[in-house]
Each structure stands twice: as structure tokens, then as C-alpha cells.
Amino acid sequence: MTESSPPLRVSRLIELLKETVEDNFIQVAVEGEISNLSRPASGHLYFTLKDEQGQIRAAMFRGSARSLRFVPEDGMQVVCRGRVSVYTQRGELQLVVDAIDVVGAGGLQIAFEQLKLKLAAEGLFASERKRPLPAWPRTIGVVTSATGAVIHDILRVLERRGVGVRVVLCPVRVQGEGAAGEIAAAIATLNTVGEADVLIVGRGGGSLEDLWAFNEEIVARAIVASHIPVISAVGHEVDVTIADYVADLRAATPTAAAEQVAKSRLELEGHLDRLRLQLASQMRIRIQQIRQRLTPIQQRLVSPQMQLRLWSQKAATLQDRLQRATFRLRETRQARLSTLAGRLDALSPLRTLERGYAIALREGDGTAVHDAASLAPGDRLRLRLARGVARVTVDEIEGAT
Amino acid sequence: MTADKETFEIALKGLEAAVQRLEAGDQPLEEALACFEEGVKAVSRCQELLNQAELRVEQLMAGSDGKPVLTPFARSEKESEE
């Protein structure tokens, strides 16, 4: 470039610089701190990446920003990967970022903590939100891979426990790009098709990266939106995912989830058995009570026919007694009559007269004379003899007292 | 399935009510007997429903119209190799 050369237009200069920069910085990794972060509605991210001595404008376009698993924040120490370009309108250097890694703690860990905080703040982990598992799970919806260990573990437990239920598997990919969307959609589908009473959502063990789908917001939201209680069963005992926090029940493993379902079923059978025994024993008690109350009444209660027979028997007995009594009465009377007649006969004065005695009766009043002194000579008497009467006159009184 | 479930829950509730009424022990014999009979029927209904449920496995697949359809789930070969 010499003085004789014609001057460049600004835009031409920038174009030349751009070509130079872009050709030489196709792939760079730059470490620095995020500042002046802005996130317009377009979905692109703009920020300044800086260190103690310098700074550079950075842009992350929508397509790349969408694949970020955490939300970049001001002050975050990061490594940005991308290329360097020049922003023509302002002649500024610009780092076009394809990916961001957090320095120190892993980006996934950061994302996990961020989402956990966000959902907790919404109250989605609250214990009041947890719904009880159905007492009688008849259909279990399972969201997992059709080829993974989870479905087999679940079926094995249900078989071993002899729990006859219907299992509806909604097969999904459980890791990799798009897995979270499939899991969320499967949860929604099982809420409308298949009539499941409870859902088991899970996968086998793996790295944080493998389990990542279960830490995504879309899955957490689908679990929250489910009308059917959800059991999360992700990885091993030590793996805790966001899905575990929002699920109605967290099972340590898929096997434990199936055990849980089997348990409620077995508990129900136990409940039914107890009710059946109670029903029988209560009825026995009632019958016993009623029988006790009935016995005295029953003893007094006789059928009319029986009553009639009893009465006629009694009547017959009475009649018999009556007849006998009558007979005896007649006999007794007869005897007494004879005795009385005998006695009467013995007392009869006629018998005395038979033996030669006579009775003196006053002529006037006809009374019997007992004392000679009551007589005077000349009195007229009638002498009653055994047969006939003699009229006599008193001549003389002797031995009067 | 839903009808069955309702039947079961109704039967179970009926059974619980029958036991409670019998436990109260204040109804005449005729009612107690009716209660008992109701309870016995409910028990057998529940038992029947519990017994008829065999382990069945189905799979939700996208049908030709894009809507999910239920198909029997064939357990993979992996199981038998174990």
C-alpha cells in the first residue's frame, strides 16, 4: 500500500479484515468470563467474554444456543468454542460461539442445579404435590426403552410376585438427542391411551451424560402435568435426577419400582382377606347374639296345632279327673248316706218302742212326759206304743221328786 | 378395564360398608343377613376381578394414521439367552 494507491472504502477494509480473520481463526477455544449477557427474543445470545486485560464481543446464534444444557450467566468462567469474525456494521471483532463449557464444575452439573432451583422455587418438589399410588394398580404404563433392562426387570418382578396386571410399554429412546422429547411425549400419550393407573418412567444406570434426558425440563414438566401418578426409576440407587424430584415416588431402581407396584397389589389382597374374615366373624357373632336372645322366646313359642293338642290332652286329663272325682263323690255320698241312715235308724224312737217301751204324751200340747211330778191325778195322756196309741187317765202320783 | 376397575372399587367399598354395619351390630337379623349376603357377594366379585388379571404386556406403537395403537409386546430374545 503506497500513497499513490487509491483510498479504500470502510466497508471494503472491513471485508478484507474479515476475510483475514475468518481464514486464520476458524476454530478457536477461548477461556474468559461472561459479562453483559443479553438474551433477546430472537433466541440468539450476546455477551462479552473478558479477562483482566481484554474483552471481545461474542454471539451465540439460536441453533447453537438451543443445545446448551445450562443457562449462561454473567460472571460464569467458561471456555467458548467457535470462530472469530468481524461484525461489519461496527467493524468490531466478534467471537461466534458454537459451544460453551463451564470451567470447574461441569456444565451438566450447573444445568442440573439451575433447573433444580427453578423447579423447587415453583413448588414442584413439594411433598403435598405427591399423589398416593393407586391401591389397586391394574394397568402399569412404562416409559422406557423396549430393548433395555428396565422393562425386563419390571416384568420379572411382577411375574415372581404373581401379580397379574396389564403392562403397557411406551417405548422411547432413553439417551441421546431427542430422548427427552420422546420421554415427555410418551408420558403425555399414556395419560390419554392405555388406561394406566400408574406410570413407571426410567432407564438403567449410566453416566450423568447418559441419564441426562431425565434431567431435562421437558421431562420434568411432563411428569408434573401427568394425571396419573408417576414413579421415577432412573439408574442406580445413587443417581438422583430432576425426574426423581418431581415424580410422585422415586424408586431407587426399576426393580424397586416394580416391587412397589406389586406391594400395593399384595396389600390390597391382604386387605380383602381381612375384610372377608371380619365379615364372617361379625356374622357369627350376630347369629350367636340372636340365638341367645331367641332361645327363651322359642321355649315359650308353640305352634297352634301343638297348642291344640296340648289343650285337648289337658282337657282329656281334666275330664278323666272329673269323672273319677264325680264317681268318688257319689261313692262317698252313698257311704255317708248309709252311715247317716244307720245312725238315724238307731236313734229312731220307734226302735225303742219295739223293745217294749212307751212314750207318754200330754193330751193337750203333745209334749213327752219326763217327770211324774209334772202330772196331777186326772190328767189325760196318750201312750204311744210300738204299734198304736192308748188314751189313759192318771190315777195317783208316786215317787215324785 | 375402567368398568372393571369401577366394579372392583364399588365392590370393595360395599364390602367395607357391610363389615362396618355388621360391626355396629344394631340392625335386626333380617338386615344383618342382607348385609352379610351383600358382603359375601362383594368378596367374590373382588376375588374374581383380582384373579382374572393375568400379567399381560402390550406396547404402544404409532399406527398408520399416526395415532398410538396397542399391540402385544414380544419380549426380546435377550431374556431367553440369560
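Modeller: In this predicted model, Ile359(A) has Arg384(A) as its bridge partner in strand 12 of chain A. That pair belongs to the pairing of strand 11 with strand 12 (residues 380-384) of chain A, where 4 bridges join the two strands and the direction is antiparallel. The pairing is part of an open sheet of 3 strands in chain A, ordered 11-12-13 and antiparallel. Strand 11 (359-362) and strand 13 (389-393) of chain A are the edge strands, each of them pairing on one side only, and from one strand to the next the twist averages 30°.

As for the chain around this sheet, chain A has 10 helices and 13 strands, and 25% of its 401 residues count as buried. Among the contacts in chain A with a separation of 6 or more, 63% are accounted for by residues 24 or more positions apart.

Turning to the partner chain, the contact takes 31 residues from chain A and 34 residues from chain B. On the side of chain A that touches chain B, the elements giving two or more residues are helix 4 (149-160), strand 7 (166-171) and helix 8 (254-300) of chain A, with helix 8 of chain A supplying the largest share, 10 residues. By class, that side of chain A has 16 nonpolar, 8 polar and 7 charged residues.

Terms used: Residues numbered from 1 in each chain as written. Chains lettered and ligands numbered in written order. Predicted model: local features only at pLDDT ≥ 70, side-chain atom pairs only at ≥ 80, totals over all residues. Contact = placed C-beta atoms within 7 Å. Nonpolar A, V, L, I, M, F, W, Y, C, P; charged D, E, K, R; others polar. Buried ≥ 20, exposed ≤ 12 C-beta atoms within 10 Å, placed from the backbone. Pairing = 2+ DSSP bridges. Axes fitted to C-alpha atoms, helices over the stretch in contact; angles between N-to-C directions.
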